[in-house]
Amino acid sequence: MVRLYALLAIGQLILAVVALISCLSAENDEIRALPRFAWVLIILFFPLVGSIAWFVAGRPVSPERPAAGGRPAGGPDRRPPLAPDDDPEFLRSLDEERSKRDRELLDSWERDLRRREEELRRRDSEPPREEDKPDV
């Protein structure tokens with residue numbers, strides 16, 4: 001019987017430590033129901049009940065798991081920050097910049113090609129000059 005109590009006491013201590021670490025590492029604006037200071041005191045003074053209460057009522061809701069009511073944590077208007085390569089607006093602006101540069105480069109190449117073609121046409125249409133003829 002003593003071993004069972006010792007095992008339950010160790011389990012309660014581990015649960016309290018995990019709840020305390022979770023409470024202290026949570027962001028201030030994500031903690032529900034009470035302020036962090038109150039949760040820490042509840043977990044320390046009532047380890048079993050406080051730990052269970054923290055995981056049920058105080059712990060931040062993860063974005064994957066919807067809160068009660070089926071809405072994601074933070075409400076419908078709150079959106080998690082996106083990395084630049086995940087942001088569709090950022091990717092669209094990159095595509096626009098890239099296509100604009102590509103169009104400018106293509107226009108430059110086409111102007112250069114037209115200029116060279118004109119030079120070749122002029123050179124072919126002109127009769128050869130005396131100085132351009134080879135010496136025989």
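**Salt bridges and a helix pair**

Author: Let's start with Arg92, which forms a salt bridge with Glu89, their closest N and O atoms being 2.6 Å apart. A salt bridge here is a side-chain nitrogen of Lys or Arg within 4 Å of a carboxyl oxygen of Asp or Glu.

Reader: Okay, and what kind of model is this?

Author: It's a predicted model, where local features need pLDDT of at least 70, side-chain atom pairs count only at pLDDT 80 or more, and totals for chains, interfaces and linings use all residues. Numbering runs from 1 along each chain as its sequence is written, and side-chain values use heavy atoms, with hydrogens and water left out.

Reader: Got it. Is Glu89 buried or exposed?

Author: Exposed, at 52% relative accessible area, while Arg92 is partly exposed at 42%. Buried means under 20%, exposed over 50%, and partly exposed in between (1.4 Å probe, protein chains only).

Reader: How many salt bridges turn up in the whole structure?

Author: Seven. Asp112 pairs with Arg115 at 2.4 Å between the closest N and O atoms, and with Arg116 at 3.4 Å, N to O.

Reader: Which residues are linked in that network?

Author: Asp112, Arg115, Arg116 and Glu119.

Reader: New topic: at what angle do H1 and H2 pack?

Author: About 175°, with H1 covering residues 2-25, H2 covering 36-45, and their axes 10 Å apart. Axes are lines fitted to C-alpha atoms, for helices over the stretch in contact, and angles run from 0 to 180 degrees between N-to-C directions. Helices are DSSP runs (H or I, at least four residues), numbered from the N terminus.

How values were computed: Helices (H or I, at least four residues) and strands (E, at least two) are DSSP runs, numbered from the N terminus.
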